[in-house]
Amino acid sequence: MRFRTSTALITGSIAPLITPFTDSGDLDIESLRRLVEWQIDAGSHGISIGGSTGEPSAQTIAERIEAILAVADQVNDRVPFIAGTGSAKLDETIELTNAAHLAGADAVLIITPYYARPTQEALYRWYATIAQEFPDLPIILYNVPSRTAVELDPTTVARLYRDFDNIIGIKETTKDFEHFSRVIHEAGEDIGVWSGIELLCLPLLALGGVGFVSAVSNIAPHTVARMYELWIAGDHDAARRLHYALHPLVDLLFVETNPAPAKWVLHQQGRIASPCVRTPLITPTAAGIEQIEALLDRASVIVNEEKAF
């Protein structure tokens, strides 16, 4: 099957953008467009919006579509654009996916339906319905059990991958590294697998993964992209050095609930107008900010290098 963009290009560091809000909590499209430009200038190999880091469950469908349209327009085919279009409801997922398709997204990222805890057969039918609705749109499954309370089994992933040409792979956000290996083993080495766990991004490449969708690229896009490029070029020692150098920034992201710490850093750097997150999240507490600042200091070499972009 031929798609709008070759799926072979959806590799490397795909930046899962935060969704900027104003101090009053409205969408900040101007800041969002600036983030897209910074990410592309810094070397990110693709742009995504609407994943967990983007606070999709705190937005209306109309707001999510507005963000998708803005990012698609700003990216303007310079790098692959992957829109997160999943919801806990099938009708909303189809509406979001249709909007992304019409906007020219190169692929969509669809999270497992959360809270309901469907069986593996139910998950298969959920994704089968969406795949049949959009046969010419590449679909990336999104497994993040820590947020959804359900896990896509490797055998279910393999079944979907075999049955639908437009299901091209999966973003795996699980700390069970054995799970990554079993997905590739069950589905075959040609399946696309992207890591959503920051400290498993580099190790996944050794198993045959094609890239990562790492929240740390929100604050260190050049370093994360460079780590991938060094690995692919065969300079594994240099790639590993960057992997370990990123540790403090990975820890920073989760001082309090992601994406609040990343938004605080981006606001301090003047890249977004406000650090606002929507309820039930809160901006970092004073104790959290103290930890964030200490971790920024530990990663000062990377932080200073990122200022060049």
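Visitor: Does D73 count as buried, partly exposed or exposed, and what is the relative accessibility?

Guide: Buried means under 20% relative accessible area, exposed over 50%, and partly exposed in between (1.4 Å probe, protein chains only). D73 counts as partly exposed because its relative accessibility is 46%. Please note that this is a predicted model, in which local features need pLDDT of at least 70 and side-chain atom pairs count only at pLDDT 80 or more, while totals for chains, interfaces and linings use all residues. Residues are numbered from 1 along each chain as its sequence is written, and side-chain values use heavy atoms, with hydrogens and water left out.

Visitor: With which residue does D73 meet in a salt bridge?

Guide: A salt bridge is a side-chain nitrogen of Lys or Arg within 4 Å of a carboxyl oxygen of Asp or Glu. The partner of D73 is R33, at 2.8 Å from N to O. D73 lies in helix α2 (residues 61–75) and R33 in helix α1 (residues 29–42), so the pair ties together parts 40 residues apart in sequence. Helices here are DSSP runs (H or I, at least four residues), numbered from the N terminus. R33 is partly exposed, at 26% relative accessible area.

Visitor: Which residue forms a salt bridge with E63?

Guide: The side chain of E63 meets that of R278, at 2.8 Å from N to O. E63 is in helix α2 and R278 in the loop between α12 (260–268) and α13 (286–298), 215 residues apart. Both E63 and R278 are buried.

Visitor: How many salt bridges are there by this rule?

Guide: The count comes to 10.

Notes: Helix = DSSP H or I, 4+ residues; strand = E, 2+ residues; numbered from the N terminus.
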